[in-house]
Amino acid sequence: MGGVDMMDRLISYYRISTRTKKWTMRVFAHFLNMATCNAWIMYIRHCKQCENPLKNRLHLIDFKLAIAESLIKAEVSEEAVQERPQRRKYQHFVPLPVNDVRYDRTGHFPEHVKRENQMKCRLPGFPGKSRVRCIKCDLYLCLQNRNCFFEFHNK
């Protein structure tokens with residue numbers, strides 16, 4: 001019963017709450033909770049085997065958020081790219097994508113953006129400026145003097 005009790009406890013921390021009369025949706029949400037909790041337990045065991053320090057391990061909620069973000073950005077359809085709304089004059093800071101999305105080699109295409117000013121290249125450690133943007137990651141990366149686009153999306 002130790003494993004079952006621990007699973008129920010982990011699921012109860014951050015439960016997917018669905019208010020529906022359809023039993024199939026409740027069962028589906030429960031299976032999603034079970035799958036993410038099992039994946040987190042396997043992740044923690046792997047971290048222990050690799051001897052990662054405790055401060056570098058993801059908590060359960062951060063692990064679920066990373067999974068959600070990678071699933072949301074997993075595929076970008078051509079229709080969604082073409083129907084992109086016009087951007088405001090001042091943009092907010094776009095965080096770096098999760099490594100699962102960054103290195104998945106799917107849907108990362110450069111797009112030349114007609115801007116008055118160049119944007120800072122987001123490759124860590126490189127101070128260049130560019131007008132080329134990755135469609136999926138929504139980050140500006142150099143393609144002129146240095147191929148930061150390729151370096152950013154490959155390990």
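Let me start with a term: buried means under 20% relative accessible area, exposed means over 50%, and partly exposed lies in between, with a 1.4 Å probe and protein chains only. E151 falls in that middle class, partly exposed at 36% relative accessibility.

Now the ground rules. This is a predicted model, where local features need pLDDT of at least 70, side-chain atom pairs count only at pLDDT 80 or more, and totals for chains, interfaces and linings use all residues. Residues are numbered from 1 along each chain as its sequence is written, and side-chain values use heavy atoms, with hydrogens and water left out.

On to the charges. Side chains of opposite charge can pair when their charged atoms come close. I call it a salt bridge when a side-chain nitrogen of Lys or Arg sits within 4 Å of a carboxyl oxygen of Asp or Glu. How many turn up in the whole structure? The search finds 4.

Take E151 again. Its partner is R146, with the closest N and O atoms 3.1 Å apart. R146 is partly exposed too, at 32%.

Next, R133. It pairs with E111, closest N to O 2.3 Å. This pair links distant parts of the chain: R133 is in strand β4 (residues 132–134), E111 in strand β1 (residues 110–112), 22 residues apart. Strands here are DSSP runs of E, at least two residues, numbered from the N terminus.

Buried or partly exposed, these two? R133 is buried, at 4% relative accessible area. E111 is partly exposed, at 28%.

R133 also bridges to D138, 2.8 Å from N to O. So what does that give us? A network of salt bridges linking E111, R133 and D138.

Terms used:
Helix = DSSP H or I, 4+ residues; strand = E, 2+ residues; numbered from the N terminus.
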